[in-house]
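Please read the following report alongside the sequence and the three-dimensional view.

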Amino acid sequence: MFRFSDWLPVDGFCDVKTAPVTYKSKSLAEELGLLNLYISFNGYWPEKGAYNNSCSFKELEAVPTMLRMQEKKKKGVIQVSSAGNTGRAFCEVSANTNLPVIVVVTDSARKNIWTTKPAENVLLITVKGDYTDAIEFGNKVCTIDGVLAEGGAKNPARRDGMGTTLLDGAITAGIIPDWYFQAVGSGTGAIAAYEMSMRLISDGRFGDKLPRLYLSQNDTFAPMVNAWKDKRREIIPDTDMPDAKNAAMNVYSPVLTNRTPPYGICGGLFDALSATDGIMVPVSKEKAESAGSLFEKTEGSDIDPAAAVCLASLIEAAEDGIIKPDETVLLNITGGGYKRAKEELSIIPAEVYAEVPAGEGIEGLSDEISRWVREHA
Ligand SMILES: *Cc1c(COP(=O)(O)O)cnc(C)c1O
């Protein structure tokens with residue numbers, strides 16, 4: 001990904017193979033009747049040159065974030081909260097760079113936290129609850145001296161890292177795409193695509209039109225879909241995500257269940273959707289499952305459930321004629337290749353340091369974590 005280093009808020013580079021990989025689809029494109037379908041594959045797929053060993057585009061965020069931390073010479077350890085993929089990505093980058101990280105995930109995501117090399121500098125905590133419970137406990141961990149919040153969507157290294165998918169897509173297609181398709185949880189990836197498009201327009205070589213964002217969420221948990229339907233900047237919890245916690249814990253793709261996304265804030269997803277005349281749709285489990293199978297059949301790799309949600313939204317948009325056959329589409333397959341990774345790489349489960357219930361205070365653990373931070377910072 002460091003061929004885009006001029007576009008990233010870092011000076012140096014890390015010796016990793018993490019990168020967005022774009023290719024023009026034949027088989028899936030034919031199935032959908034699209035002439036210019038570009039797939040941004042962010043996972044593990046050696047034949048395509050895709051070596052995000054942790055199998056998702058979260059690695060594109062983790063690499064520049066960890067490097068920037070090191071370059072800024074901030075004394076401390078970075079903390080990330082995750083529904084699974086972000087945590088695994090940061091653990092993998094930590095395993096490769098030896099930079100320390102504190103990861104807080106939901107109990108149900110614990111099986112998804114593994115690395116392909118031994119991770120000696122990871123402190124993993126699991127929380128019995130949903131993604132937002134993990135975020136809340138993570139925030140408490142950040143009150144400990146020397147623990148630094150990674151910042152989520154507010155961290156430019158994360159946004160620009162994810163934005164490399166749009167850069168690679170535009171370079172491969174020769175033009176900024178007409179449409180950018182992604183399933184969203186926080187919306188950071190889509191904000192990143194929007195920001196990168198503006199920068200590409202100033203660059204001038206790839207056209208002067210912003211891509212329209214076409215975004216999707218699970219139909220059973222879709223706060224941003226519901227707020228955007230009314231063109232509302234505020235998410236109203238009772239209206240847009242009734243019984244949020246239960247709903248969030250029972251979805252097809254858990255990585256899309258942030259209850260407090262950077263939607264309404266200035267420069268957030270609402271602004272990105274407004275600027276790009278964006279569309280947001282809900283997707284059912286059935287449609288996502290069949291989209292996932294279609295991808296595997298036509299293109300040849302398994303994909304993350306979130307990417308299947310996204311593909312289902314593209315299938316529907318193509319069928320409904322929202323996308324014209326000759327328009328350029330960038331389909332962000334945000335994760336995939338788990339089957340191959342499990343066969344070909346050594347998968348080392350991360351060790352859990354502590355388990356806590358949802359809503360737990362930090363007092364019981366703060367001395368131990370402080371000590372770990374002093375040893376690793
Ligand atoms: C995190 C994630 C998403 C959603 O990305 P946001 O930037 O949080 O909206 C989509 N797909 C996969 C595979 C993810 O891991």
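D160 lies in helix 5, where helices (H or I, at least four residues) and strands (E, at least two) are DSSP runs numbered from the N terminus. This is a predicted model, in which local features need pLDDT of at least 70 and side-chain atom pairs count only at pLDDT 80 or more, while totals for chains, interfaces and linings use all residues. Residues are numbered from 1 along each chain as its sequence is written, and side-chain values use heavy atoms, with hydrogens and water left out.

At 12% relative accessibility, D160 counts as buried; buried means under 20% relative accessible area, exposed over 50%, and partly exposed in between, with a 1.4 Å probe and protein chains only. Leaving aside its neighbours within four places in sequence, D160 is in contact with W7, L8, P9, E195, M196 and R199, contact meaning heavy atoms within 4.5 Å. The C-alpha atoms of D160 and P64 are separated by 8.4 Å, although these residues are 96 residues apart along the chain.

S253 is found in the loop between helix 9 and helix 10, and with 1% relative accessibility S253 counts as buried. When residues up to four places away in sequence are not counted, S253 touches N218, P305, A306 and V309. E319, by contrast, has its place in helix 12, residues 305-319, and counts as exposed at 63% relative accessibility.

N98 is not a glycine, yet N98 has a positive phi of about 65°, and the place of N98 is in the loop between helix 3 and strand 6 (101-106). D277, which is not a glycine either, has a positive phi of about 55° and lies in the loop between helix 10 (269-276) and strand 12 (279-283). At 48% relative accessibility, D277 counts as partly exposed.

Turning to the chain as a whole, there are 14 helices and 15 strands, and 61% of the 377 residues count as buried. The C-alpha trace spans about 60 × 45 × 40 Å along its principal axes. For 377 residues, a compact globule would have a radius of gyration near 21 Å, and the 19 Å of the chain agrees with this; the radius is taken over C-alpha atoms, and the globule rule is 2.2 Å times the number of residues to the power 0.38. Among contacts between residues at least 6 apart in sequence, 75% join residues at least 24 apart.

The chain is divided into domain 1 (2-56 + 155-340) and domain 2 (59-153 + 346-376), with bounds that come from an automatic or database domain assignment. The C-alpha centres of domain 1 and domain 2 lie 25 Å apart, and 39 residues of domain 1 are in contact with 29 residues of domain 2.

The pockets come next. On a 1 Å grid over the protein atoms alone, a pocket is an open set of points where a 1.4 Å probe fits, with protein on both sides within 12 Å along at least five of seven lines, and lining residues have an atom within 4 Å of a point. Grid points are joined across faces, edges and corners, and a volume is the space filled by probe spheres set on the points.

| Pocket | Volume | Lining classes |
|---|---|---|
| Largest | about 800 Å³ | 15 nonpolar, 20 polar, six charged residues |

The largest pocket is lined by 41 residues, of which Y131, G152, A153, S186 and N258 lie nearest its centre. Elements that each supply at least two residues of this lining include helix 2 (58-71), strand 5 (77-82), helix 4 (131-141) and helix 5 (156-173). Domain 1 and domain 2 each give at least three residues to the lining of the largest pocket.

Helix 3, helix 9 (244-249) and helix 13 (338-344) are the elements that give two or more residues to the lining of the second largest pocket. That lining, too, draws at least three residues from each of domain 1 and domain 2.

Methods: Ala, Val, Leu, Ile, Met, Phe, Trp, Tyr, Cys and Pro count as nonpolar, Asp, Glu, Lys and Arg as charged, and the others, Gly among them, as polar.
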